[in-house]
Amino acid sequence: MPKVGSELRLDGEGKPIWVLLELTYQCPLQCVFCSNPVDFDRYREHELSTDEWKGVIRDARKMGAMQIGFSGGEPTLRKDLEELVCEANDLGYYTNLITSGIGLTSKRLAALKEAGLKHIQLGFQSSDRDTANMLAGVESFDRKLSVAKEIKIHGFPMVLNVPISRHNIAQVPEIIELASEMGVEYLELANVQYYNWALLNRDQLLPTREELEWAESEVNKARERLGDAMTIFFVIPDYYEGRPKACMNGWGSIHLTIAPDGSALPCSQARSIDTLEFPNVREHSLEWLWRESPTFQKFRGDAWMKEPCRSCDEREKDFGGCRCQALLLTGDAANTDPACSKSPHHHLIQQAVQQSAIPDKHVGSLIARSSSHRLGRKAT
């Protein structure tokens, strides 16, 4: 058994098993729950080149990485996507495309199939056209429906990922029915996680406990009805669970994200921790930044933990929760995740939950993902 401490941990035997390449933060959508940094536009001119991305792909494979995701922003905006997928496939990765679908055509899907792409995760906002277009910030619903059909025509296994918020949670039965009609193998009803743009819009997005309980009951009914025809995941926000989620099996344990500018992150949200300097693949080897960089060592194991985490018998299950959420809500990434009922900052979560129960609290304006959002541009 691995020892608990500052060393690399657990399942990956010290290897970055799952690698996520955020090829670009650019995206044709303006989703109000986007997980990209609020200042995404500043990275536009610093994206890695094709050769630099290929170097990352090769180096991660040498270190033992087995699965690779191509994400963004919108990864199909990169003209070299097929070339990068081919490189990963030739090296033996299981390849996954995480996309809004905008930018995919029948021709491009055929090219990605030829390059060796194994799997597609398609983001969807709602089963209702108006709701979907409002949450996406642009009219995209019809295009996404068309792309979903093309994905199935080309024989790709597909996950339909629908971020659930107060604006679409009442549509869960209809979303399930739409996914079934599409022939989707996996439906992920992932309640919005409150970082970046979603945190800005939290008062308008967070469902009530009653809404979540109703939606979960509808999911269970659908599971019984559909059987093995479709697997449905329903991920409850940790605001309601009393315990934080185990973030990526622990900081720097099995997951590695490379941002568009080459910054290496223990998770895709880690950039929100502005007290850390994230090492860059342009300046260091992947081996060094994963195994030796101060940033990846910072929250490994439990030596960094404050009380009550340090003496908690659940610390090996949840690893103290999410460092990004701790920073965003308490100002200190080393604090116990406020989602935990044992945290001295749990009242911050309770306050947010209480706000969600106020009638019509969600009626206010939503801030759309946009480089001009500071000028007050709103989604309505």
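Student: What is the strand order in the open sheet?

Tutor: The order is 7-6-5-4-3-2-1-8-9, in an open sheet of 9 strands with mixed pairing. Strands (E, at least two residues) and helices (H or I, at least four) are DSSP runs, numbered from the N terminus, and two strands pair if DSSP finds at least two bridges between them. This is a predicted model: local features need pLDDT of at least 70, side-chain atom pairs count only at pLDDT 80 or more, and totals for chains, interfaces and linings use all residues. Residues are numbered from 1 along each chain as its sequence is written, and side-chain values use heavy atoms, leaving out hydrogens and water.

Student: Which are the edge strands?

Tutor: Strand 7 (231-235) and strand 9 (264-265), each pairing on one side only.

Student: In which sense do strand 6 and strand 7 pair?

Tutor: Parallel, over 5 bridges, with strand 6 covering residues 186-191. L189 has F234 in strand 7 as its bridge partner.

Student: Which strands does helix 6 touch?

Tutor: Helix 6 (residues 172-182) packs on the sheet against strand 5 (158-164), strand 6 and strand 7. Contact means heavy atoms within 4.5 Å.

Student: Switching to I57: buried or exposed?

Tutor: I57 counts as buried because its relative accessibility is 0%; buried means under 20% relative accessible area, exposed over 50%, partly exposed in between (1.4 Å probe, protein chains only). I57 is in helix 1 (residues 50-62).

Student: What does I57 touch?

Tutor: Not counting residues up to four places away in sequence, its contacts include I68, F70, L84 and A88.

Note on methods:
Axes are lines fitted to C-alpha atoms, for helices over the stretch in contact, and angles run from 0 to 180 degrees between N-to-C directions.
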